[in-house]
Amino acid sequence: MDEVKVFCPATIANISCGFDVLGVALDSVGDEMVVRKTSRKGVFITKIEGQNLPLETKNNVAGVAGLALWEKADYDGGFEIEIHKKIKPGSGIGSSAASSTGAVWAMNHLLGNPFSKTELVTFAMEGERLASDVAHADNVAPALFGGFTLVRSYSPLDIVPIKAPEELVATVIHPQIEIKTSDSRKILKTTLSLQTAIKQWGNVGGLIAGLLQNDYGLIGRSLEDHIVEPIRAILIPGFDKVKKASLEAGALGAGISGSGPSIFALSRGTENAKKVAVAMKEVYEEIGVEHDVHVSKINHEGVRTI
């Protein structure tokens with residue numbers, strides 16, 4: 001096989017309480033990429049559709065991630081990458097992660113899968129380093145593994161896949177403003193009180209237990225963020241109103257998707273998720289903010305061929 005076309009899923013990172021360690025892959029939103037082998041040594045971005053992004057390999061997250069793999073691979077040739085961008089950069093649903101993971105997954109596939117998924121995460125994290133100045137894994141891990149993932153440790157890297165309950169559905173609304181991840185990280189506090197940390201630990205444990213036990217009530221009670229959301233919420237127009245409307249419409253819980261500005265909610269069942277989408281839209285229509293809305297089941301597979 002010399003060429004492959006892949007779907008690269010959007011992701012929700014943090015899931016309220018799990019800053020930099022929790023994430024989940026979405027099924028209905030994502031980029032598409034075509035990757036092919038070439039006799040030229042190196043990694044080359046040959047086409048980008050949908051967004052105005054750099055073609056230079058070292059300035060493109062897919063190129064940087066791909067180079068990280070190529071430099072470790074036992075392969076004499078190179079790769080060409082086409083990116084069909086359907087996730088807007090700065091949207092908060094893992095745009096850079098989709099490109100980074102799609103590149104490394106496809107290259108690994110064409111080489112006969114010499115690298116494990118955890119190794120692919122380390123390569124894809126280099127794309128995240130370019131995008132946000134920090135090589136975080138909470139988007140790239142679920143994009144590669146599918147479902148929910150926990151980054152138990154960064155050194156050494158330890159990824160724990162967590163199967164999502166079948167009826168869990170995500171609603172994501174993206175107000176049409178851009179918040180750069182690098183900027184949104186700069187405003188965060190670097191210290192916190194023990195009392196706040198204890199609350200957050202309880203929610204992280206509760207969320208994981210709720211997912212494993214199919215306990216939707218526990219999942220909802222655990223979707224609380226005492227550390228990041230109170231700070232980042234001020235960057236997102238209408239955040240408190242959108243969250244309140246989501247809960248009143250029947251969502252289990254809601255919060256900021258990644259670094260924002262997208263806001264996510266988790267619901268039990270597609271019908272509930274659609275009602276939440278309507279409630280979210282009404283808030284932004286009332287305050288006059290342009291927006292996109294996505295309702296998506298959980299993607300249990302991660303990057304896949306199409």
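**The aromatic rings and their surroundings**

A: Phe123 counts as buried, at 8% relative accessibility, where buried means under 20% relative accessible area, exposed over 50% and partly exposed in between, for a 1.4 Å probe and protein chains only. Phe115 is likewise counted as buried, with a value of 15%. The model is predicted, so local features need pLDDT of at least 70 and side-chain atom pairs count only at pLDDT 80 or more, while totals for chains, interfaces and linings use all residues. Residues are numbered from 1 along each chain as its sequence is written, and side-chain values use heavy atoms, with hydrogens and water left out.

Throughout the whole structure, a search finds 2 aromatic pairs. In one, the ring centres of Tyr75 and Phe79 are 5.1 Å apart and the planes stand at 45 degrees, so this pair is tilted. The rule takes rings of Phe, Tyr and Trp (its six-membered ring) with centres within 6.5 Å, and calls planes under 30 degrees apart stacked, over 60 edge-to-face and the rest tilted. Tyr75 is partly exposed, with a relative accessible area of 23%, whereas Phe79 is buried at 0%. Phe115 and Phe123 also form a pair, and this one is edge-to-face, with 5.1 Å from centre to centre and 85 degrees between the planes.

An unreviewed UniProt entry places the feature "domain: GHMP kinase N-terminal" at residues 68-147; UniProt positions are given in the numbering used here, feature names are shortened, and annotations may be inferred rather than shown by experiment. Over residues 68-147 the chain is 51% helix and 9% strand, and its end C-alpha atoms are 25 Å apart. Helices (H or I, at least four residues) and strands (E, at least two) are DSSP runs, numbered from the N terminus.

The backbone holds some details to look for next. Asp133 lies in the loop between helix 3 (117-132) and helix 4 (140-145). Although Asp133 is not a glycine, its phi is positive, at about 75 degrees, and the residue is exposed, with a relative accessible area of 58%. Ile15, also not a glycine, has a positive phi of about 50 degrees. Ile15 is found in the loop between strand 1 (3-13) and strand 2 (22-38), and it counts as buried at 1% relative accessibility.

Two prolines may be examined in the loops between strands. Ser155 and Pro156 are joined by a cis peptide bond with omega about 0 degrees, and Pro156 belongs to the loop between strand 5 (148-154) and strand 6 (157-162). The peptide bond from Gly260 to Pro261 is cis as well, with omega near 5 degrees. Pro261 sits in the loop between strand 8 (253-256) and strand 9 (263-268).

A further annotation from the unreviewed UniProt entry, "domain: GHMP kinase C-terminal", covers residues 208-285. That span is 55% helix and 13% strand, and its end C-alpha atoms lie 34 Å apart.
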